[in-house]
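The sequence and structure are shown first.

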Amino acid sequence: MPPYLLIFFSLLIFTTTSQQQQNAQPDQVIEIFRHGARAPNSNYDPQWSESELGTLTKIGMTEHYYLGKTFPLKYPHLVASGYNPDDVYVLANYVDRCIESAMVQVSSIFRGTSSTVKESLPKEMQEVLIAKYEPLLPADEAERGDYVPVNVKVVTTEEEKLFFNGKDGGFCNKMTDYINENLDGQQMKDAWKVFQTPANQANAQLPDSQKIKDMDSLATAFDAMIADVFDHRPLPGNI
């Protein structure tokens, strides 16, 4: 039986239970990870275009490119024979940023090896991705003409509803009730007291459309500002 590499999405997990296991070479590796850095989910910060909202950024692509490069260093025997979709199972959420993160990382893992691809996402889709992040790589890291098309299995919205047992495919049936109950709860009020002073300091530099008035607007602003920081963009109000 050939070794299998299973890749899913959420967080990277690697466990060992003894020194013997640490020294042994595994026959199978399960990697669970989230997508790379993304653009904001809302139009809070106008320097992001509508078409960019929620998408995987170039920085997010390079994160998965370099993460993929570490895999052959740890498990060279699992990649020596090249990429084969019969041996490598890749599953992604249906959101483009997840699919693209998988394509970039797995292509990076098997870069420079032979590959056997039966079914893959369109070659053009990966070529477009490479063209986006390649300029950010050092000259000796150029991937042009040396990428591996990856077969990514995509979870459909209907399948996600089954996974999460939710109404909208992604949330527990009780999630909306839980959020509504806690937005007005004492813990949320206490949290706002902690953040109100720095929020007011930020508001002194923010236009009216970007004022932080409560925990909900703080979450929206925070999401945009984190994306700005990772993408090396100025923060709103030149904070």
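Asn-238 counts as exposed because its relative accessibility, 65%, is over the 50% cut-off. The model is a predicted one. The points below take up Asn-238 and His-232, both in the segment after helix 9, and then the contact of helix 2 with helix 4.

- Most residues other than glycine have a negative phi.
- Asn-238 is not a glycine, yet its phi is positive, at about 55°.
- The residue Asn-238 is placed in the segment after helix 9.
- His-232 is likewise not a glycine and has a positive phi, of about 60°.
- His-232 belongs to the segment that follows helix 9 (215-230).
- With a relative accessible area of 66%, His-232 is exposed, because the cut-off for that class is over 50%.

**Packing of helix 2 with helix 4**

- Two packed helices are described by the angle and the distance between their axes.
- For helix 2 (residues 58-74) and helix 4 (residues 96-109), the axes come within 7 Å and the crossing angle is roughly 35°.
- The crossing of helix 2 with helix 4 is right-handed.
- Helix 2 makes the contact through Met-61, His-64, Tyr-65, Leu-67, Gly-68, Lys-69, Phe-71 and Pro-72.
- Helix 4 contributes Glu-100, Ser-101, Val-104, Gln-105, Ser-108 and Ile-109 to this contact.
- Sorted by class, the residues in the contact of helix 2 with helix 4 are seven nonpolar, five polar and two charged.

Terms used: Residues are numbered from 1 along each chain as its sequence is written. This is a predicted model: local features need pLDDT of at least 70, side-chain atom pairs count only at pLDDT 80 or more; totals for chains, interfaces and linings use all residues. Side-chain values use heavy atoms; hydrogens and water are left out. Axes are lines fitted to C-alpha atoms, for helices over the stretch in contact, and angles run from 0 to 180 degrees between N-to-C directions. Helices (H or I, at least four residues) and strands (E, at least two) are DSSP runs, numbered from the N terminus. A crossing is left-handed if the near helix is turned anticlockwise from the far one by less than a right angle, and right-handed if clockwise. Contact means heavy atoms within 4.5 Å. Ala, Val, Leu, Ile, Met, Phe, Trp, Tyr, Cys and Pro count as nonpolar, Asp, Glu, Lys and Arg as charged, and the others, Gly among them, as polar. Buried means under 20% relative accessible area, exposed over 50%, partly exposed in between (1.4 Å probe, protein chains only).
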